[in-house]
Amino acid sequence: MLPRRFYFDTDLDHFFEEESAKMKCDIYQKDNTYHVEMDLPGFSKNEIRIECNKGNLVVTAEKENNAEDHSDDKKYIRRERIYGKYSRSFYLGDINEDAIDAEYTNGTLHIIIPKMDEEKSKRQIDIR
């Protein structure tokens, strides 16, 4: 039995892949912080955007198609480097959004997200 990719190895393969498969990550907790390590090879720091809103962390990476790739003298035999916008989002709960730190080196994005002190985030509800 031959794998599917043998018969259907075309430029349309990227439509069948999950978007999250392009942005693999590990999330772990250490002390009072969350750590997100995400593989983003081929992207520059300027092409990556991190947003945080009410405990939701969103990482977006966008690579635009270069105009020089469309020159008339190039005749591609195979083209696998895909241009586009990729995004992952995670809900992390009560976090200190003002103290988030991020570093991008060698194709890996490392985000450090401090958790909010549980005592400060708790709220007593008065009963009427």
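Which side chain meets Lys63 in a salt bridge?

Analyst: First, some ground rules. This is a predicted model, where local features need pLDDT of at least 70, side-chain atom pairs count only at pLDDT 80 or more, and totals for chains, interfaces and linings use all residues. Residues are numbered from 1 along each chain as its sequence is written, and side-chain values use heavy atoms, with hydrogens and water left out.

Now your pair. The side chain of Lys63 meets that of Glu47 in a salt bridge, at 3.2 Å from N to O. The term has a cut-off: a side-chain nitrogen of Lys or Arg lies within 4 Å of a carboxyl oxygen of Asp or Glu. Side chains of opposite charge can pair when their charged atoms come close.

The Lys63–Glu47 pair links distant parts of the chain, 16 residues apart. Lys63 sits in strand E4 (residues 56-63). Glu47 sits in the loop between strand E2 (33-39) and strand E3 (48-53). Strands (E, at least two residues) and helices (H or I, at least four) are DSSP runs, numbered from the N terminus.

How open are the two partners? Lys63 is partly exposed, with a relative accessible area of 21%. Glu47 is also partly exposed, at 23%. Here buried means under 20% relative accessible area, exposed means over 50%, and partly exposed is in between (1.4 Å probe, protein chains only).

A search of the whole structure finds two salt bridges. Another pair is Arg49 with Glu51, at 2.0 Å from N to O. Arg49 is exposed at 53% relative accessibility, whereas Glu51 is partly exposed at 35%.

Next, the sheet around E4. Strands of a sheet pair through backbone hydrogen bonds, either parallel or antiparallel. This sheet is open and has three strands, in the order E3-E4-E5, with antiparallel pairing. Two strands pair if DSSP finds at least two bridges between them. E3 and strand E5 (84-91) are the edge strands, and each pairs on one side only. The twist averages 15° from one strand to the next. For such angles, axes are lines fitted to C-alpha atoms (for helices, over the stretch in contact), and angles run from 0 to 180 degrees between N-to-C directions.

Look at E4 and E5 together. Eight bridges join these antiparallel strands. Ala61 stands opposite Tyr86 in E5.

Last, the cysteines. A search of the whole structure finds zero disulfides, meaning pairs of cysteine sulfur atoms within 2.5 Å. Cys25 is partly exposed at 23%, and Cys52 is partly exposed at 23%.
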